[in-house]
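Try each task before you read its solution.

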Amino acid sequence: HAAKPSRDSYGYSPARGGKLFENEKDTISETNENIEFGHDNNVREVGRLSIDERPYHLSGQSRNEKEVGRLGIDERAWRPSDSFAPTDREIGGRLSGNASASDESDPFASAGSNKTDGSGFILETPSNEEKKSDDDKEKEMLHSSTKGKKVPTPARTLLPDETEWRDFVSSEPGALFPPESGRYHLYASYACPGSHRALIIRALKGLEDAISVTIVHPTWRLTKGSNPEERDQRGWVFGDPDGEPFANTAGRGGPFPPAFPGNEPDPIFNASSIREIYEIAGDTAGKYTVPILWDKKQQTIVNNESSDISYMFNSRLNDFADNPDLDLYTEDDPSKLNEAIEWLAPLMIHGVYRCGFAKTQTAYDKAINELTETFDRADATLSKQRYLTGDALTDADIRLFVTLLRFDEVYAFYFRANSRLVMLTPSLLNYCRDIYQTPGVPETCDMEQIKAHFYASHAEWNKFSIIPRGLGFMDLLALPHDRDEM
């Protein structure tokens, strides 16, 4: 059977320019940033894209997918944009599976787009264009390196001037991006769920010495393009330890530090923003999202889809990994992984965002009911077994973990997903402790930066960028658990 395209960002990608909400001056898409309602922008839905009325052909999503020309902000039929487990994708070799959308994919994770995002592989789980780039993945077609091989089908028809970034590291003869230690660089954010997932898998596989990384500043700022006629956009910037504190993009709030711990200047080009990295690579889509896997040898983007990058870290660089035998994608039998991803969808990022972006009580009630039912099912499942598929940690667990980590401190407040709390659910709290206490994982978890991103990057939602103190969720993760006895 034909697998469906992978989706890793649950959201939509507004046409460039235009406004998200009428009569709102400071809107999210007004700055031409790509909002990933769901790791990065593949939303299949019907209606109109109340932005600049630019038609978007959204395809490749899951069953019953109706795609239509225009995506309307109020009238979107939200659908899970991602499957967690890869199934059989081939790109010069077996690409284990349905790379799915990132539940860690953050609608706010993308401030731009990319060449080929993860939304179009023919995988077992439909992929979308919702995610065009981890934070926005709107593209899907591989370059010449995949010529003559099975490649993903675009989740939607690309506009003539759009580039997409979705190549793969491959050991096939003549591959454009062969596995090499030290050749590839990861641009990521601690705040973005999709980036976080890639960082966790990099750590679990022991690829720190093989894949260098730069963590961007969590709070979006206005960025300038190389073309002086283009307007500023909100998006990811690099930390500048020697810089000055700043306010939000509306000139209020803060002041925010020029760099949080771990935020460093761009080591390759000394760029000031992720937008500049895309422009250096010749991007024309204008959705400047993270994560990005960069090839330092060819000076270009390999891939900007979090599911694809996570898969490559799991399976394509084992010669340089400290833990090469760890397989988070259960490539021998991905069926359980696919099944878990399927039923978990309403609890993933796209489900959380459906609550946050609902514009009618009916839409919100439907979204919160589905999220609550799935939350309770996860609770019941993890009360009986250590991990989602049984006794082995998989990519589905990493996806769920990055969602649950943000749930109490961000989603319950910011997106009104407040019918449940992880800290009041013993099985899920202990589950989070179990994963958090795995060597390598704590270093990837930074709640201060997660909150600085969500609460301070969108002045139209939080005018003065006040960051709530929170419930002390991170302190609870350091306490003992007994899940290793299950």
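**Exercise 1.** Which residue does Ala 188 stand opposite in β5?

*Solution.* Quick ground rules: this is a predicted model, with local features needing pLDDT of at least 70, side-chain atom pairs counting only at pLDDT 80 or more, and totals for chains, interfaces and linings using all residues. Residues are numbered from 1 along each chain as its sequence is written, and side-chain values use heavy atoms, leaving out hydrogens and water.

Step 1: Ala 188 faces Ile 215 in β5. Strands here are DSSP runs (E, at least two residues), helices are runs of H or I (at least four residues), and both are numbered from the N terminus.

Step 2: β4 and β5 run in the parallel sense, with 4 bridges. To call two strands paired, DSSP has to find at least two bridges between them.

Step 3: β4 also pairs with strand β9 (residues 292–295), this time in the antiparallel sense and over 4 bridges. On that side, Tyr 187 stands opposite Ile 292.

**Exercise 2.** Work out why strand β4 is largely enclosed by the rest of the structure.

*Solution.* Buried means under 20% relative accessible area, exposed means over 50%, and partly exposed is in between (1.4 Å probe, protein chains only).

Step 1: apply them to residues 184–188. In β4, 5 of the 5 residues are buried, so the strand is largely enclosed by the rest of the structure.

Step 2: check both faces. Tyr 184, Leu 186 and Ala 188 point one way while His 185 and Tyr 187 point the other, and all are buried.

Step 3: zoom out for context. The chain has 486 residues, 63% of them buried, and its secondary structure comes to 10 helices and 10 strands.

**Exercise 3.** Trace the salt-bridge network that includes Arg 183.

*Solution.* Step 1: recall the idea. Side chains of opposite charge can pair when their charged atoms come close. The rule used here asks for a side-chain nitrogen of Lys or Arg within 4 Å of a carboxyl oxygen of Asp or Glu, and it gives 14 salt bridges.

Step 1: start at Arg 183, which is buried at 6% relative accessible area. Its salt bridge with Glu 180 has the closest N and O atoms 2.9 Å apart. Glu 180 is partly exposed at 26%.

Step 2: move on to Lys 297, which bridges to Glu 180 with the closest N and O atoms 3.1 Å apart. This pair links distant parts of the chain: Lys 297 sits in the loop between β9 and β10 (300–303), Glu 180 in the loop between β3 (110–112) and β4, and they are 117 residues apart. Lys 297 is exposed, at 54%.

Step 3: Asp 295 is buried, with a relative accessible area of 0%.

Step 4: Glu 180, Arg 183, Asp 295 and Lys 297 form a linked network of salt bridges.

**Exercise 4.** What phi does Gln 299 take in the hairpin of β9 and β10?

*Solution.* Step 1: set up the hairpin. β9 and β10 pair in the antiparallel sense over 3 bridges, and Asp 295 stands opposite Thr 300 in β10.

Step 1: look between the strands. The hairpin has 4 residues there, and Gln 299 takes a positive phi near 55 degrees, although it is not a glycine. Gln 299 counts as partly exposed, at 33%.

Step 2: find another such case. Arg 416 isn't a glycine, yet has a positive phi of about 60 degrees. Arg 416 lies in the loop between α7 and α8 (426–436) and is partly exposed, at 36%.
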